[in-house]
Amino acid sequence: STRTVHPNSSLPKGYRGGETFALHRARQWIWDRDMLRTYFDTRNGLIGEDYSTKFSPWLACGSLSPRYVALECRRYEEARVANKSTYWCVFELLVRDYFRYFAARHGRRIFYLHGTAGRLEGGAERKWNRNPELIAAWREGRTGHPLIDASMRELGNTGYLSNRGRQNVCSYLSIDMSVDWRVGAEFFESRLLDFDVCSNYVNWINGAGLTGGRLNRFNITKQSRDWDEKGEYLRLWVPEIRNVPNQYIHSPWEMSETAMEECGVIIGSDYPFPIISPTANCEFKRTSRKQRDTSKQDKFDSSRRMKSLAVGTFCFKSEH
């Protein structure tokens, strides 16, 4: 059936379920628009329907075969060009497969609070919370951190979120807020059009640092500046700060009272102060360099390297 798409959504225009539209999207994105050629460079985008394939809703429900996509990529390489972009598109399909193997290996442990290897140095356990105020602010996009708020509003309104956005909101909830990561995983399950069990839960324990690999904590303000330099995405989804000058758009809490008055945006009134400090430290130790070096020697080294690459695209490569 046809789905009404939010006007700001990055899903393809006219989006609907089923194989017919899935094949149309694949042909359009790979061949007609020639987007596969530059995929490596555009894949971390935030706005628009073509920065990534958007195949994931159909892959998740079986309307599009990953083998078909891989074969189309090979056919494209033979007909047009083989480059980093064509390689990366297929690689991310392999990452998707990896999550299934990971889930098969670890079974129900991917749903445990402490993941598959979630203890700290010396065997200590992470301290988690289920603070309802923090959880509600995160879900509703009113944390006072514009990139988090924009991402969560997009997810809530469209059922979709970019790969980059998924990385950031996972890190923010599970590491900065120290909220039980399963709260986030369950919320994604309830909202994502491209939800699938393996990609979602393995990605969340990975992003929360509970698989035994290195913990990757994202600097949200830096992420915002790096991937939305002019604040276009922030202004699209957080209209309260639309008039904030570019120099403050990623961290509006840094404005002086004079700057607030000049742009007509009062932090604490029109838009909230950050619900947690932008410089808040984690409540647990990061894996030491010595531990990381030692971990490279164990038998899971190759799979961890793949997983690390996947985390760079949020492991959430359900969001293909």
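Me: Leaving aside neighbours within four places in sequence, which residues is Ala185 in contact with?
Reply: This is a predicted model, and in it Ala185 is in contact with Asn200, Tyr201 and Trp204, once its neighbours within four places in sequence are left aside.

Me: Where is Ala185 found, and is it buried or exposed?
Reply: Ala185 is found in helix 9, which runs over residues 181-191, and it counts as buried because its relative accessible area is 0%, where buried means under 20%.

Me: What separates the C-alpha atoms of Ala185 and Asn203?
Reply: Those two C-alpha atoms are separated by 8.8 Å, with Ala185 and Asn203 being 18 residues apart along the chain.

Me: Switching topic, how many residues does the largest nonpolar core have, and which have the most contacts inside it?
Reply: The largest nonpolar core has 75 residues, and Trp138 and Trp181 are those with the most contacts inside it. Helix 5, residues 84-106, gives the most to this core, contributing nine residues.

Me: What is Trp138 in contact with, beyond four places in sequence?
Reply: Beyond that range, the contacts of Trp138 include Ile148, Met152, Val169, Phe187, Phe188 and Trp204.

Me: And Ser151, where is that found?
Reply: Ser151 is found in helix 7, residues 146-158, and a polar atom of its side chain lies 2.8 Å from the backbone oxygen of Leu147. Not counting residues up to four places away in sequence, Ser151 touches Leu161, Gly165, Val169 and Tyr233.

Me: Why does Ser151 count as buried?
Reply: Ser151 counts as buried because its relative accessibility is 2%, and the cut-off for buried is under 20%.

Me: What about cysteines, how many disulfides does a search of the whole structure find?
Reply: The search finds zero disulfides. Cys73 is in no disulfide, and the nearest cysteine sulfur, that of Cys89, is 3.8 Å away, whereas a disulfide needs the two sulfur atoms within 2.5 Å.

Me: Are Cys73 and Cys170 buried or exposed?
Reply: Cys73 is buried, with a relative accessible area of 1%, and Cys170 counts as buried at 0% relative accessibility.

Me: Last one, helix 1: what should it span, and how far apart are its end C-alpha atoms?
Reply: At 1.5 Å a residue, the 14 residues of helix 1, residues 19-32, should span 20 Å, and the end C-alpha atoms are 18 Å apart, which agrees.

Me: Which of its residues are buried, and what covers them?
Reply: Among the buried residues of helix 1 are Phe21, Arg25, Trp29 and Trp31, and what covers the buried residues of this helix includes helix 2 (39-42), helix 3 (56-61) and helix 4 (66-79). Just after helix 1, Asp34 takes a positive phi of about 55°.

Conventions: Residues are numbered from 1 along each chain as its sequence is written. This is a predicted model: local features need pLDDT of at least 70, side-chain atom pairs count only at pLDDT 80 or more; totals for chains, interfaces and linings use all residues. Side-chain values use heavy atoms; hydrogens and water are left out. Helices (H or I, at least four residues) and strands (E, at least two) are DSSP runs, numbered from the N terminus. The expected span of a helix is 1.5 Å times one less than its number of residues. Buried means under 20% relative accessible area, exposed over 50%, partly exposed in between (1.4 Å probe, protein chains only). Contact means heavy atoms within 4.5 Å. A nonpolar core is a set of buried Ala, Val, Leu, Ile, Met, Phe, Trp, Tyr and Cys residues joined through side-chain atoms within 4.5 Å. A polar contact is a pair of N or O atoms within 3.5 Å; within protein, one must be able to donate a hydrogen and the other to accept it, and residues adjacent in sequence count only if both atoms are side-chain atoms.
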